[in-house]
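Me: I have a model open here and want to go through some details. Can you take my questions one at a time?

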Amino acid sequence: MPQLRPISVLTIAGSDSGGGAGIQADLKTFAAHGLHGLSAIAALTAQNTRAVTAVHVPPLAFLRAQIDACFDDFHIGGVKLGMLASTEVIHCVADALEVHRPAHIVLDPVMVATSGAKLLADDALDALRTRLLPLASVVTPNIPEAELLLGRRIQTDDDAERALAQMLAEGARAVLLKGGHLPGEGEMTDRFGHDHARAVFTHPRLPVEGHGTGCTLASAIAANLCLGLDLRTACADATDYVHGALRHAYRPGHTPVAVLQHFWRLRGDVAP
């Protein structure tokens with residue numbers, strides 16, 4: 001007999017028509033962790049490995065209806081937030097989360113696509129800071145996103161350390177600051193901070209131009225939290241998972257951009 005109402009995990013994010021990032025990457029990540037994935041689509045993109053060519057934001061009432069429908073029927077253990085393109089969308093999502101109060105919220109502050117396309121309106125940054133950051137169990141910015149959130153450059157390891165401390169001081173409950181955009185040829189370092197705890201997670205840099213790494217990382221953290229891991233362990237395992245998915249990435253399009261292999265662990269590979 002199947003388990004009654006198993007734990008589900010919800011992604012509220014944008015759809016990637018190319019299948020490499022966004023909702024599509026999130027659902028594959030949830031499935032790879034053995035969880036039932038739910039989705040509320042906050043934006044639709046016309047996208048491939050070359051570029052984002054168009055973005056459509058559905059009506060707010062329809063977005064809220066998707067979120068409410070999921071919470072009405074499923075046992076949701078956690079929520080992953082991705083592309084929320086406008087101030088109005090951010091307020092809609094924050095209002096819904098304040099009503100439903102999921103145990104875990106992982107915020108990936110999506111602002112710019114790998115291709116360079118802007119995915120967040122200029123006036124939405126303040127709404128993200130004031131409405132979503134206080135709700136998030138952990139926020140997972142990359143270096144350019146952290147620069148936008150803090151309003152200053154991050155160019156060195158020392159800059160990254162100070163940025164992590166500043167985000168925590170300004171109200172983030174926990175931060176996983178991704179280090180892939182910092183210059184260097186050695187190991188890549190992701191920095192974790194929660195209360196007074198600090199940790200670093202290091203992996204070799206890979207000669208791969210990956211697509212959907214940020215979406216996948218945040219979704220893996222949300223999945224791990226739903227599975228009962230503590231926050232530090234959830235983040236550490238998620239960085240290992242993404243590194244393995246990137247190491248096994250493949251190129252379905254005509255460009256060098258690679259899509260992550262989300263099911264690498266299920267194919268018998270143990271080490272990332």
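Me: Where is Arg101 found?
Reply: Arg101 is in the loop between α3 and β5 (105–107). Helices (H or I, at least four residues) and strands (E, at least two) are DSSP runs, numbered from the N terminus.

Me: What kind of model and numbering is this?
Reply: The model is predicted, local features need pLDDT of at least 70, side-chain atom pairs count only at pLDDT 80 or more, and totals for chains, interfaces and linings use all residues. Residues are numbered from 1 along each chain as its sequence is written, and side-chain values use heavy atoms, with hydrogens and water left out.

Me: Back to Arg101. What is its phi?
Reply: Arg101 has a positive phi of about 50°, although it is not a glycine. Most residues other than glycine have a negative phi.

Me: Is Arg101 buried or exposed?
Reply: Arg101 counts as exposed because its relative accessibility is 56%. Buried means under 20% relative accessible area, exposed over 50%, and partly exposed in between (1.4 Å probe, protein chains only).

Me: And what about the phi of Asp195?
Reply: Asp195 is not a glycine either, and its phi is positive, about 55°. Asp195 sits in the loop between β8 (187–194) and β9 (197–204). With 56% relative accessibility, Asp195 counts as exposed.

Me: New topic. Which residues touch the most other members of the largest nonpolar core?
Reply: Leu10, Ile12, Leu63, Leu81 and Val93, out of 47 residues in that core. Helix α3 (residues 87–100) gives the most to this core, with seven residues. A nonpolar core is a set of buried Ala, Val, Leu, Ile, Met, Phe, Trp, Tyr and Cys residues joined through side-chain atoms within 4.5 Å.

Me: What else is there apart from that core?
Reply: Another core, of 30 residues, lies apart from it, and its members include Phe201 and Cys226.

Me: How many aromatic pairs does a search of the whole structure find?
Reply: Two. In one of them, Phe192 and Phe201, the ring centres are 6.2 Å apart and the planes are at 35°, so the pair is tilted. Rings of Phe, Tyr and Trp (its six-membered ring) pair if their centres lie within 6.5 Å; planes under 30 degrees apart count as stacked, over 60 as edge-to-face and the rest as tilted. Phe192 and Phe201 are both buried.
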